[in-house]
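Here is my note on this entry, point by point. Please read it with the structure open.

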Amino acid sequence: MTMNLRSSNKILAQAAIILFFFWVVALILLTRPLLNSPQSDVSSDVLQRLSKAVSELESLKVRNQELQWILTNFSHEAQSGKIKEGVVERLRSTLEDKIRLPINFNGLEKKSSGPSKEYEVRRRAIYRGVQENWYFVQQELEKLKKSGRDQSAPEISNLIQEILNSGKEHEIILLNDIQELSNMEDHDAWRSTESRALSDLVQRRLHYLQNPADCSKARKLICNLNKSCGYGCQIHHAAYCFIMAYATKRTLILNSKKWRYHRGGWEKVFLPLSDTCTDPSGLDRSNWPGTNETQVIELPIVDMLSPRPPFLPLAIPRDLSDRMIRLHGDPQVWWIGQFMKYLLRYQPETQKMLDQAKEKMKFESPVVGVHVRRTDKVGTEAAFHSIDEYMLYVADFFDKLEIKEKIKVRRVYLASDDPSVLPEAKKKYPEYEFLGDVSIAKGAAVATRYTDSSLRGILVDIHMLAHSDHLVCTFSSQVCRLAYEIMQTLHPDASSKFKSLDDIYYYGGQGPHQQIAMYSHKAHRPGEISIEVGDVLGIAGNHWDGYSKGTNERTKQSGLYPSFKAVDKYNIIDFPPYSEVAVAA
C-alpha cells in the first residue's frame, strides 16, 4: 500500500511538472511574435495580438483548473488505497481528452525488470518437483492397489483408490497455487514482453542471414529437402540445416525441387526463405565441412554429418543463454522453435486453408490437442497406447482448469494416422466434444502419405495441435514434437503444456542430453544407481513414475535415479553474436 502510494505520488508529481511545462511553452509561443515583430508592425496590430494572447491565457487558466481537479481526484484515489493497475494509462487518456493534445509519459511507467533468473529457475523446479512427486506416489499406490486385488482384499483396493483421488486433488490445487504465484507482481507482463523482444531479435537475425546484400558474393549452405522420411522428419531436417546455417553464418538455400509432399516445392506451401538470395551457384563448391573461404557448401543429412560440430541441438547460443534460461523452462526447445517460426511462414493460400478448417470445425479454447500415432511406429519405435491412457491426462487438464473457471465444453482435437481412433473416442467419451477428421487419418497412412490431400491433412493436424491449450501425445512421434516446438512460439513459456506417454523431448541427431545431480541419492532398490551432488548424468528417458533412467558419467553405472534430484545441463555454445543486428531497446 505504502509503496503504491509513493509510486502514485511520484507519477502525479511528474505529471504536474509536464503540465506546467506545457503551459510555459504555450505562453512563450503566444508572446514570441510580439517580441520579434518589427517596431513598425507593433503599432498596427499590437492591440489585436495582445487581445488574442489574453484570450488564450484565459483559456489556459480554465484548462489548468480542470487539470488541477483531475490531479486532485487521482491523488484522493491514491491516498484512499483505491488506486488500481493502469492508473498511468487512465491519467494519460483523461488528460489528452481534456487538453486535446497527445501526452507521452516517457519514463513515468516504470518498466518491470521482472523476476530474477534464479527465481524463475527455482519456481519451475518446484512445479516439476510436485509433478514428479505425484508420479511417484501414484505409481506406488497403483502397485499396492493391484496387490490388494490379487490377494482378494477389495477393501484395501478401495481405500487406496480413495487416497489416489484425494492425492490427485491435492496435486491439482498445489500446481494451481504455484501457477497463481507466478502470475503475481506483473511477472506475466514481463514474460510476455521479454518473449516478444527475444523472439523478435532472433527473427531479425535470421532475416539478416537470409537476405544478403549481394547474393553472388554470399557464403551459402545447400540443403536438399527430400530426405526419405515423413513430413515431421523432413521439417526437422530443414530446421537442422537452418541451425547449421545460422551457426556458420551462411545463407541457407533449400533445394526442394520435386519435393515428395508437393511437386512444386517448398515455396508452394511456405514463404521463400529469402527475398534476395535463392541462387545456389558460387565461385567454388564443397561438401561439408569445406573451409571458411569455400563459398558454397553442401550439407548431408544429420546421420551422415562428419565431423559433428558442437552447435547441433540441443545446444543454445551463449550470447542469448541467460535470457533464454530466465524466460523459458526448456530453452533448448524454445531455440528450435524460433527456427520453425521462420521456416513455417505460410503462403496466403495455405493460411487461408488453415483458417477455413479452424472455422469449419469451430476450434475454440479451451481445447486439448491429442495425437495418437499408430501404423508404422507401433512395434518398432513406439509401444501401443490405448485412447484411455491419453484421456486420463485430458481429464487432468480440464479438472485443473475448472478450479479457476467453469468449463462449458470439454473440447479435444484428436489427430491420428489410425481412422478407427476418432469414432472410438467419441463412443467411449460422450461427455467430450471431439474435433478431427477421419479423412485426414486415412490420408496419413503410409500408402497415401505423399499426396496433396495428405499434405493438407498433416498441415491442419499440426496447426491445431500446436494451437491447443495443452498437448497429450508421444514424443516418439516427429509430428508430436513438431507441434510442441511450434507451440513454444505461441506462448512466453509452453514448456509445461504437454504430457508425453513415452519419451522425453529429443531432436533427431542431437548431441548428448545431460543432467546435473542437485541432490545425492543412495541406491536402495534393484535397478537404481547412486549419485552425488554435481554428478553429470546422461539421461535416456523419464519413466513418469518418479524415476529417470541414465548413466552416471563419474561411476559409469546405468540405471534409475529420482527425477527430482537432477536438472538439465544446458549445452551453451559460442554461436555468432550477429552484432550487425541491433538489440531493441
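1. C229 and C233 form a disulfide, with 2.1 Å between the two sulfur atoms. This is a predicted model, and the geometry below should be read accordingly. The torsion about the S-S bond is -85 degrees, which makes the C229 and C233 link left-handed. C229 has a relative accessibility of 14% and counts as buried; C233, at 12%, is buried as well.

2. The disulfide of C223 and C241 has an S to S distance of 2.1 Å. The angle about its S-S bond is 60 degrees, and the link is right-handed. Because C223 sits in strand β1 (residues 220-224) and C241 in helix α7, the bond ties together parts that are 18 residues apart in sequence. C223 is buried at 0% relative accessibility, and C241 is buried with a relative accessible area of 0%.

3. C473 and C480 are joined at an S to S distance of 1.9 Å. C473 is buried, with 0% relative accessible area, and the value for C480 is also 0%, again buried.

4. How many disulfides does a search of the whole structure find? The search gives 4. With the bonded cysteines of the chain numbered in sequence order, they pair as 1-6, 2-5, 3-4 and 7-8.

5. The largest nonpolar core holds 87 residues, and the members that touch the most others are Y231, W266, W335 and Y413. Helix α7 (residues 231-248) supplies the largest share, 12 residues. Domain 2 (191-339) and domain 3 (346-500) both contribute residues, so this core lies between them.

6. Which residues does W335 touch, leaving aside those up to four places away in sequence? The contacts of W335 are V202, Y246, A315, I316, P317, L320, M324 and F575.

7. R373 deserves a separate entry. The residue lies in the loop between β6 (367-372) and α11 (387-401). Is R373 buried or exposed? Its relative accessible area is 14%, and the cut-off for buried is under 20%, so R373 counts as buried. The side chain of R373 makes a polar contact with the side chain of D417, at 2.9 Å.

Notes. Residues numbered from 1 in each chain as written. Predicted model: local features only at pLDDT ≥ 70, side-chain atom pairs only at ≥ 80, totals over all residues. Heavy atoms only, no water. Core = buried A, V, L, I, M, F, W, Y, C linked by side-chain atoms within 4.5 Å. Buried < 20%, exposed > 50% of the residue type's maximum accessible area, 1.4 Å probe, protein only. Helix = DSSP H or I, 4+ residues; strand = E, 2+ residues; numbered from the N terminus. Domains from an automatic or database assignment. Contact = heavy atoms within 4.5 Å. Polar contact = N/O pair within 3.5 Å; in protein donor to acceptor, adjacent residues only side chain to side chain. Disulfide = S-S within 2.5 Å.
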